Amino acid sequence: MSQSLPQSTLEAAGSPPAGTDRSVEAYRWMVLARVFEDKIAALYRAGKIVGGVYLGRGQEAFSASLGMQLDRARGDVFCGLIRDQAGRMAFGEPLIDSARTYLGSAEGPMRGRDGNIHRGRPSKGMPAMISHLGAMIPVVNGMLMALRHRKAQGVAGGVTIGDGGTSTGAFHEALNQAAVEKLPLVLAVANNQYAYSTPVSEQFACDDLADRAAGYGVRGYSIDGTDLDACLSAFTEAIARARAGEGPQMVVGKLLRLAGHGEHDDARYIPESKRSEPHGGDCLALARAKILAEGRAGAEAVAEIEKSAQERVEEAVARAQSEPAPNPYRESWHALATKHLSEGTTEV
Amino acid sequence: MPVTYLDAIREAQAKALAEDDRVFIYGQDVAEFGGAFKATKGLADRFPGRVVNSPISEDAIVGAAIGAAIEGMRPIVEMQFADFSSLAFNQIVNQSATHFWRTGVPCPITIRLPSGGTEGSGPFHSQSVESIYAHYPGLIVLTPATVEDAYSMLLEAIRIDDPVIFCEHKFLYYHLKADALPAVSLPVGKARIARFGRHATIVAYSAMVHEALRAAREMAEEGWEIEVVDLRSAKPIDTDTILASVARTGRLLCVGESFPWGGLTAEVISRVVGEGFHLLDAPPKRLNSKDTPIPYHPNLWRVHRPTWQAIAAATRNLLRL
Ligand SMILES: Cc1ncc(C[n+]2csc(CCOP(=O)(O)OP(=O)(O)O)c2C)c(N)n1
Ligand SMILES: [Mg+2]
């Protein structure tokens, strides 16, 4: 049984005070994601999380800028991948969903059947990713086709992928499909320069992934994914064009993965010098400095954002940790919605 | 120095690369990085230009391996996980499996699939797909359970003129150790009696051999002598060795980690019933995973897959029949 949660934990957004600069609003999501993922990484190192832990460190600005500007209330959908903690929460995924899925709580949306970053709430516009890269893009296309069928007006669908994921057949098929169908798809390609250990030089041979957009008949954008303002404005434009019926938009953000592929990986193959090259910076630190320097928020307000993120994360993690794990003897071992057609055979 | 199952896979590839200039390795992160599980670690340095990173394009990886094979090479493809071979399904079953039959030109590729469940790996990093590929004519499917077999069967797979699906179990990678690599070995296509007994036969393969052996050891304390047959290859199946064992014991349990509908365990049972019905003192039984995707949470996963406890329980039931 789900117990009632404190409102602060349950609430997805906790809308910012009126008049808040949108970069400050995005910063809130970025901080919340960073603090949460740091906590998850610490729990992983302490052996409290089984399975892989993949962090979005360095990609929060890009991810949040898309998630935040989509609007479930209008019918929008958003599908994040492994580095989209920020975008998922900015779109509306409750923090407790993340904590519960990582910590294997039976109360989470995946009920322990799937774990970690493999989570979603499809009925709330958040499809649950499978691992197979590229596979979610056509699924978002299909959701958009269904929305069109239902005569939804001005909706948009966001989906993310990495540089490596652009090499899959599904990526090409789905982008072409979206273009042919003129779907309001906003495809965010986070080019973090590596796919696991593989550098982009061994992944594709074009100068800029955004150059591919034209070949599909899709509008392409190439931006500095570490620059929050650039991310916000690119996605503002891309989403507006998608809503206006201009068809798919592909936004390529250049940035650097500031973590191992997963927390098991020390990423020794990424030279330290990458961090001082263009797009090698930490979007979070950069956004913070700019917000303060330009007086978009005062030092106190920024400190408050950071403190509140810590508190919310501690609260969500403590809550998830106190909840029961799935009980295999009370689990319904049926994979079908049509229960009476389910065999569930193990021993014959 | 003890050798692990993973070392054996690496050493077999090193030997093949050293002995045959036509051999090369292709897959994601296999070069300098040495692969997600380190099965190719150090090989890119030792064999420059012959251990090649691919884009994340399984369909094209296998397609290109097939092209190279029919042009005279001996490619080894590493899938990062067996689960992702679904994206290469078309090339594997329609191109590689049909090629020799259609054209008379063999297609000697080896596709290494890191297979099977480990704790916390969830529905997309845990699958055992041997039965799917074994269903297709034109493929050989191997499921080594020991360090020795991982080594000798992989070497033989690379030499075989047909496409070989090599299912290596991730759970065994680091846990399983042997004193040394084998000098001689059973050929592909032969099963092995992993433990002799006379009351019942358990046929198993891959990681399930070890669960079955553990069950047999536990049951020995109750006075039962359980024979364990390690299939080694899923296709072809060594029906003779299985029938000979059933002739000795009269009872059969067949255990597999993959899903329960159809598949390798059902195929074994159907052959034993068809060819050795008169040898059976009780209905033959089989034990597989539950009929749901593979769960993430360890509490669910342990119940989903056959464990030695579940195998022992099923064997005790079988002995009561
Ligand atoms: C089709 C497929 N092949 C292989 C994998 C294994 N895999 C998981 S993440 C990853 C690298 C992904 O790189 P990229 O798309 O650049 O995303 P990033 O991890 O950099 O965010 C790989 C190869 C997979 N998930 N799906
Ligand atoms: Mg990448």
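Asn192(A) is buried, at a relative accessible area of 5%, where buried denotes under 20% relative accessible area for a 1.4 Å probe and protein chains only. Tyr194(A) is likewise buried, at 8%. The model is predicted, with local features requiring pLDDT of at least 70, side-chain atom pairs counted only at pLDDT 80 or more, and totals for chains, interfaces and linings using all residues. Residues are numbered from 1 along each chain as its sequence is written, chains are lettered from A and ligands numbered from 1 in the order in which they are written, and side-chain values use heavy atoms, without hydrogens and water.

In chain B, the lining of the second largest pocket draws at least three residues from each of domain 1 (3-178) and domain 2 (192-320), with bounds from an automatic or database domain assignment. Of its 19 lining residues, Ser131(B), Ile132(B), His135(B), Gly263(B) and Leu264(B) lie nearest the centre of the pocket. The lining comprises nine nonpolar, seven polar and three charged residues, with Asp, Glu, Lys and Arg counted as charged, Ala, Val, Leu, Ile, Met, Phe, Trp, Tyr, Cys and Pro as nonpolar, and the others, Gly among them, as polar.

How values were computed
1 Å grid on protein atoms, 1.4 Å probe; cavity = no way out; pocket = protein on both sides within 12 Å on 5 of 7 lines; lining within 4 Å. Buried < 20%, exposed > 50% of the residue type's maximum accessible area, 1.4 Å probe, protein only.
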